[in-house]
Amino acid sequence: PGGCPAGCECSEAAKTVKCVNGNLTEVPPDLPPYVRNLFITGNRLARLPAGAFAAQRLAELGSLNLSSNHLRAVEAGALSALPALRQLDLSGNPLASLSPQAFGEGGSPLEELALRGALRNQSALLSLAALLQAGALRNLSRLELADNGLLLLPAGMFTALPALRHLDLSNNSLVGLRNVSFQGLGQLQSLNLSDNSLGVLRNGTLAQWRSLPALRRIGFGHNSWVCDCAIEDLVAWLKESDQVEGKEALTCAYPEKMLGKALLTINASDLNCSVPVDLPSQLQTSYVFLGIVLALIGAIFLLVLYLNRKGIKKWMHNIRDACRDHMEGYHYRYEINADPRLTNLSSNSDV
């Protein structure tokens with residue numbers, strides 16, 4: 001008791017244990033009970049099983065760094081025996097599953113969770129969403145999801161995080177936030193959406209941000225803004241809002257004629273939106289035009305029939321006479337074949 005595990009460095013004065021690049025395949029079973037800051041990084045922990053820390057009674061462990069360990073699964077109950085855990089870093093692990101019961105049934109006091117580069121597997125993202133939505137991390141104040149290549153976020157992913165203050169979604173590939181709800185995040189202070197693929201933000205999302213009283217910092221740098229008529233709401237919001245950091249540097253990426261133009265300098269004449277584009281009305285107009293064309297073609301066809309009615313009548317009579325002659329020939333042949341007196345005649349002569 002109080003010793004230091006093999007391959008680790010321990011400091012009782014700093015209450016810190018570091019097990020770095022030691023090729024560990026499991027959590028050391030003999031960690032000293034005084035540890036508050038535990039670093040197990042650069043090892044080969046493929047999974048974190050249930051009760052990984054249960055037998056160690058680490059009542060003071062508040063900060064746990066498990067980054068870059070080749071972790072693929074954090075199983076149910078893996079972190080349930082850490083009553084003082086406030087900070088957890090799982091960055092740089094190729095996670096495939098993160099159990100919604102990883103912190104036990106009663107929730108966790110966890111305040112900071114870092115998952116940078118750990119959610120490139122879609123199943124891991126869905127597992128995290130289930131964990132957050134289950135309410136197990138209601139004390140979470142900082143969530144880092146950067147560097148994961150995320151395209152879209154699961155609907156309602158952040159709805160059960162009332163204490164969240166800092167949300168980092170930078171350096172992903174997010175193309176939109178339409179299904180993301182920020183309602184209920186009354187404590188949110190900073191939101192980082194820089195280095196993504198956002199092209200436009202809808203008025204519904206902007207309205208949610210307006211309603212968040214604590215939100216003061218939003219990062220939008222290095223996104224692919226599409227400067228067409230759909231960006232009018234975003235431009236108007238940027239001009240009146242003081243929440244966006246470096247908004248003067250935001251520029252258009254598309255179309256080519258708007259490339260490099262600052263969003264804050266865009267006006268209605270640049271977008272040519274004086275006539276609203278109403279796709280349903282355009283389709284309705286197209287259907288009406290098509291109906292008129294078909295009606296005109298039908299009228300011309302009837303007119304041609306009327307003008308050639310005598311020729312058509314004569315042509316139909318000729319067809320009728322030809323069919324009648326043909327049927328009479330068949331009838332005559334049938335009578336010959338049916339009469340035994342004419343059988344030899346029909347076989348020896350040309351009737």
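Predicted model: local features only at pLDDT ≥ 70, side-chain atom pairs only at ≥ 80, totals over all residues.
Me: What percentage of residues 3-37 is strand?
Reply: Helices (H or I, at least four residues) and strands (E, at least two) are DSSP runs, numbered from the N terminus. The end C-alpha atoms of residues 3-37 lie 16 Å apart.

Me: Do β1 and β2 run parallel or antiparallel?
Reply: Two strands pair if DSSP finds at least two bridges between them. Here, three bridges join β1 (residues 9-11) to β2 (residues 16-20). Glu9 stands opposite Lys18 in β2. The direction of the two strands is antiparallel.

Me: In the turn of the hairpin formed by β1 and β2, which residue has a positive phi?
Reply: Four residues lie between these two strands. Among them, a phi of about 55° belongs to Lys15.

Me: Which residue in β3 does Lys18 stand opposite?
Reply: You can follow the pairing onward from β2 to β3 (residues 37-41), which pair in the parallel sense over five bridges. Across from Lys18 you will find Phe39.

Me: How many disulfides does the structure hold?
Reply: A disulfide is a pair of cysteine sulfur atoms within 2.5 Å. One of the pairs is Cys4 and Cys10, with sulfur atoms 2.0 Å apart. The total is three.

Me: Is the link of Cys4 and Cys10 right-handed or left-handed?
Reply: Look first at the surroundings: buried means under 20% relative accessible area, exposed over 50% and partly exposed in between (1.4 Å probe, protein chains only). Cys4 is partly exposed because its relative accessible area is 38%, and Cys10 is partly exposed at 29%. With 80° about the S-S bond, their link is right-handed.

Me: What is the torsion about the S-S bond of Cys8 and Cys19?
Reply: The sulfur atoms of Cys8 and Cys19 are 2.0 Å apart. This pair links distant parts of the chain, with Cys8 in the segment before β1 and Cys19 in β2, eleven residues apart. Both Cys8 and Cys19 are buried. The disulfide is right-handed because its torsion is about 105°.

Me: Why is the disulfide of Cys227 and Cys252 left-handed?
Reply: The sulfur atoms of Cys227 and Cys252 are 1.8 Å apart. Cys227 lies in the loop between β14 (225-226) and α3 (232-240) and Cys252 in β16 (residues 252-254), so the pair ties together parts 25 residues apart in sequence. Cys227 and Cys252 are both buried. The disulfide is left-handed because the torsion about its S-S bond is about -95°.

Me: With which residue's side chain does the side chain of His166 make a polar contact?
Reply: His166 sits in β11 (residues 166-168) and counts as buried because its relative accessibility is 17%. A polar contact is a pair of N or O atoms within 3.5 Å; within protein, one must be able to donate a hydrogen and the other to accept it, and residues adjacent in sequence count only if both atoms are side-chain atoms. At 2.8 Å, the partner of His166 is Ser190.

Terms used
Residues numbered from 1 in each chain as written. Heavy atoms only, no water.
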